[in-house]
Amino acid sequence: MLFMNQPIDRLSLEQVIDRTPLTIKPDATALSAITFMYQPNSSHDVPTVIESPAISEQLSRNSYSYILVLEKSKPIGILTEHDVVRLTISGINLADVNISEVMIQPIITLSQTNDQGALTALSLLRQHHIGHLPIVDEQGLLLGMVTERDLLQLFDPLLATISSQSAEQQITAIDHQQHELLRQSQQDLTDFVENAIIGLHWVAADGTIIWANQAELDLLGYTREEYIGHSITEFHADQDTITDILQRLLSGQVVQNYEADLRCKDGSIRRVLIDSNSSWRDGEFVRTRCFTRDITDQKRAEEDLERFNQALSHAMEGIALLDQQGKYVQINHAYANIVGYTTESMEGMDWQLTVHPEDLPQVQLAYEHMLEHGKVEVSARGLRRDGSIFYKQLVMVTAYDNKQQSIGHYCFMKDITDHKQVEIQLRQQEEFLKSIYDGTEQAIFVVDVNPDKELRYASFNPASEKYAGVTNAQIQGKTPEEAFGEVFGFTLRQNYERSLQASTSITYEEQLDFSTHIIWTLTTLVPLRNEQNQIYRIIGTATDITDRKQAELELQSQKQDLARSNAELQQFAYVASHDLQEPLRMITSYLELLERRYKGQLDERADKFIAYAVDGATRMQTLINDLLSYSRVGTSTQDWKSVDCEKIVQNVLINLHLSIVQSHAVITYDALPKVNADPSQLTQLFQNLISNAIKFRREKAAPQIHIGVEGTDGHWLFSVQDNGIGMEVQYLERIFIIFQRLHSKIEYPGTGIGLAVCKKIVERHGGDLRVESQPDHGSTFYFTMPQTTGNL
Amino acid sequence: MINSSTISRDMEVLLVEDNLGDVELTKLALEESQLSINLSVVGDGAAAMDFLHHQKNKYANALYPDLILLDLNLPKKSGHEVLAAIKTDEFLRRIPVIILTTSQAEEDILKAYNLYASGYISKPAGFDQFVKVVQSIEDFWFTTVKLPPV
């Protein structure tokens with residue numbers, strides 16, 4: 001009734017402008033912004049934003065449907081209930097994002113000038129389909145906020161007046177100018193009502209809809225014909241509700257914010273708030289005037305927020321609000337569970353009680369950091385009510401009230417004990433590996449393989465540093481060429497690339513020519529693959545084999561020396577067989593010629609001299625031949641093969657047939673095995689031993705010779721036993737030395753080479769030759785031969 | 001055992017030998033033979049080939065030998081090389097070549113026969129033995145076997 005005589009377009013915004021709109025800084029978190037929307041008075045009161053089940057109740061009375069983001073007193077964005085829904089559904093962690101990241105911008109504002117009234121504001125809201133309109137001055141500085149709801153409430157009494165009084169009555173009451181203004185206003189008002197964003201309809205006493213505006217039709221999706229003339233009850237989903245509403249109205253009550261469900265043409269149900277009163281004339285009911293406000297979205301937002309709060313309440317992550325004194329104000333279940341308290345018992349508790357005493361300083365430090373910067377993350381050990389310890393990760397965020405005053409902080413807590421234990425295990429394992437890495441004598445190095453196949457050293461362990469004579473710092477991040485020069489670096493690279501090409505581990509020996517020293521290593525490269533199965537690094541290990549390699553090289557050089565000396569020996573043998581003998585032959589031949597041509601012409605002594613000279617030359621020739629055959633034992637070119645010793649012995653007996661017959665020797669032998677040997681040398685061996693046995697026989701005893709064999713430990717032990725003259729123990733070694741003789745040539749002719757040759761043959765076949773003997777009790781020669789086949 | 005009817009002319013023998021002592025011994029041994037043998041002597045392997053190919057004026061009138069006695073250890077060209085050259089020559093290869101050498105080395109013996117030597121004789125120590133050897137060569141090569149027609 002206050003405004004009834006006022007022109008409608010002169011309705012001032014002053015009536016509805018909220019001079020203390022809800023604002024927030026751009027760097028506040030979305031969560032704190034939302035908290036302020038629903039807890040505008042929370043700066044000193046206990047905030048109940050997170051867990052309060054009463055939140056939806058408060059929403060309509062004690063909350064803001066928006067929050068304005070203000071920068072330097074200018075509105076730069078807005079967050080409305082709709083956006084809260086949107087954000088809640090999006091799953092963003094609202095504590096992690098700034099309001100400026102999620103707010104709606106740019107924002108529609110109305111610059112307040114003298115000629116802009118409430119209608120202009122309402123039109124602007126309609127034009128942009130928005131519900132909130134910040135009012136700014138000419139510099140764009142925020143003056144206040146006008147909402148659609150407030151505007152409509154401004155217009156509502158006026159509408160009531162207009163509809164219950166005739167225009168004529170009004171005209172009589174005002175002057176002409178006012179009449180004109182009123183006519184204009186009525187025109188505007190009709191236009192406004194018809195096109196208002198809010199649904200509006202009239203219902204007759206019998207419940208028939210007699211008029212409805214476009215907004216109402218749009219809301220429910222009916223055409224004018226489908227709606228007007230029908231009973232209002234047809235459109236209510238709940239008949240009890242409409243019955244109640246109609247009864248109230250008929251009894252003269254006013255219906256305010258009555259929730260009802262209306263059925264749309266497409267069958268969907270929309271939740272609306274109905275404001276309605278009755279029009280009476282002369283004590284008679286005329287009709288009801290109903291405003292229908294669609295709150296489906298708002299309702300959904302409430303439900304979403306409820307779910308959101310439920311989710312927070314049941315979040316796995318612990319969430320708590322603490323006041324500026326560091327006392328717990330509000331705690332969700334997860335938080336309380338982690339620290340082993342009930343939510344109620346934690347209220348008012350000091351934060352220090354939930355932190356391990358030793359970690360208090362570090363959390364205190366983090367807390368101070370948060371005070372300064374608004375946010376902090378810290379890991380620390382937590383203390384449960386029962387005194388047990390756990391590992392927690394904290395995010396602390398300053399909490400603000402709507403005046404941007406700090407009211408304490410939010411604390412988000414995760415129990416990371418499991419992670420921590422895994423971490424500790426990993427660290428122990430790492431320390432274990434590191435102790436190996438650092439302590440081993442084996443060089444370990446790591447080469448990173450970039451996606452473009454570029455190779456760079458990642459690390460050298462201390463052994464590698466020692467090997468290469470560089471420090472880890474000197475090679476880290478460098479290519480092989482950068483670390484070790486173009487030439488040597490390229491050699492190293494080729495090995496690494498070989499490993500990449502082989503795509504598997506490779507092992508090789510290499511000579512590493514560091515500028516200061518050279519070493520040999522046995523190196524293994526193992527390529528490592530990532531989850532995409534691409535090689536991303538190579539682990540190399542290297543063992544210093546310089547000593548072994550040097551020994552090998554020495555051995556090789558010794559082998560070469562040996563081969564050379566063998567070749568020289570062969571050369572000597574050839575020289576001995578040809579060049580030494582030729583002059584000797586000249587001596588003997590011409591002495592003989594002398595003897596033949598001039599015998600009798602010289603005296604007897606001269607003939608004897610010649611005979612001595614011939615004899616000496618002949619013996620010299622025998623010696624040379626023996627020496628030759630001895631040297632040839634080592635250089636025989638005949639192939640080894642499996643040889644039947646029995647057949648060899650039988651051959652030898654044939655060769656020695658004459659001396660056997662002459663000496664009446666009796667020779668027996670065991671079943672003899674096959675051995676791998678040079679057959680001609682084996683023949684020579686048996687022949688020398690058997691002929692020796694015959695040769696060194698006792699005067700009055702026919703030689704009895706036995707050739708035996710027994711197997712021992714991979715070897716055959718052969719024996720050649722005789723009943724001959726035997727020998728003194730002190731000579732047993734001597735007889736195997738070349739040209740060593742125990743007897744005069746007259747008694748037992750020979751050069752003393754036979755046994756030396758035997759020994760050399762046996763040794764060449766991998767065996768030993770020795771003798772057991774006693775004077776007059778015969779001798780037994782033993783020699784071994786390997787049972788396994790194989791060429792030495 | 002000499003059957004003179006098989007000999008219608010002097011036997012031509014080429015001795016390739018650098019040791020004058022051995023040359024003398026060979027000559028002396030042949031003197032004791034009853035066959036008429038015409039001995040030509042060259043002192044090194046290269047000269048042997050020149051002789052056989054009638055090269056140089058010196059050997060222009062050299063006769064095609066019935067038998068060659070070849071030492072192994074020779075200056076310029078070794079006996080084995082000379083042997084190989086003879087045995088790969090279409091006209092010379094049918095001439096019997098007897099290796100007469102001091103060497104008793106197996107590899108020398110093997111190599112000589114592998115190169116198609118007709119015999120390998122180690123020079124014996126002592127003149128008597130030498131004479132016997134030469135005589136046995138005569139017996140075998142000039143009376144027993146049929147040599148290829150000239």
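Me: What makes the contact between A:Arg270 and A:Asp294 a salt bridge?
Reply: The closest N and O atoms of A:Arg270 and A:Asp294 are 2.8 Å apart. A salt bridge needs a side-chain nitrogen of Lys or Arg within 4 Å of a carboxyl oxygen of Asp or Glu, so the pair qualifies. This is a predicted model, where local features need pLDDT of at least 70 and side-chain atom pairs count only at pLDDT 80 or more, while totals for chains, interfaces and linings use all residues. Residues are numbered from 1 along each chain as its sequence is written, chains are lettered from A and ligands numbered from 1 in the order written, and side-chain values use heavy atoms, without hydrogens and water.

Me: Why is A:Arg270 called partly exposed?
Reply: Its relative accessibility is 21%. Buried means under 20%, exposed over 50%, and partly exposed in between (1.4 Å probe, protein chains only). A:Arg270 therefore falls in the middle class, and A:Asp294, at 32%, does too.

Me: Why does A:Lys466 count as exposed?
Reply: A:Lys466 has 56% relative accessibility, which is over 50%. Its salt-bridge partner A:Glu441, 3.5 Å away from N to O, is also exposed, at 56%.

Me: How do you know that A:Glu763 and A:Lys759 are separated by about one helical turn?
Reply: They are 4 residues apart in helix H27 (residues 754–764) of chain A; helices here are DSSP runs of H or I with at least four residues, and strands are E runs of at least two, numbered from the N terminus. An α-helix has 3.6 residues a turn, so residues three or four places apart point the same way. The two side chains meet in a salt bridge at 3.2 Å, N to O.

Me: What puts the buried residues on the same side of H5(B)?
Reply: Among the buried residues are B:Phe130, B:Ile137 and B:Trp141. The face turned away carries the exposed residues B:Lys132 and B:Thr144.
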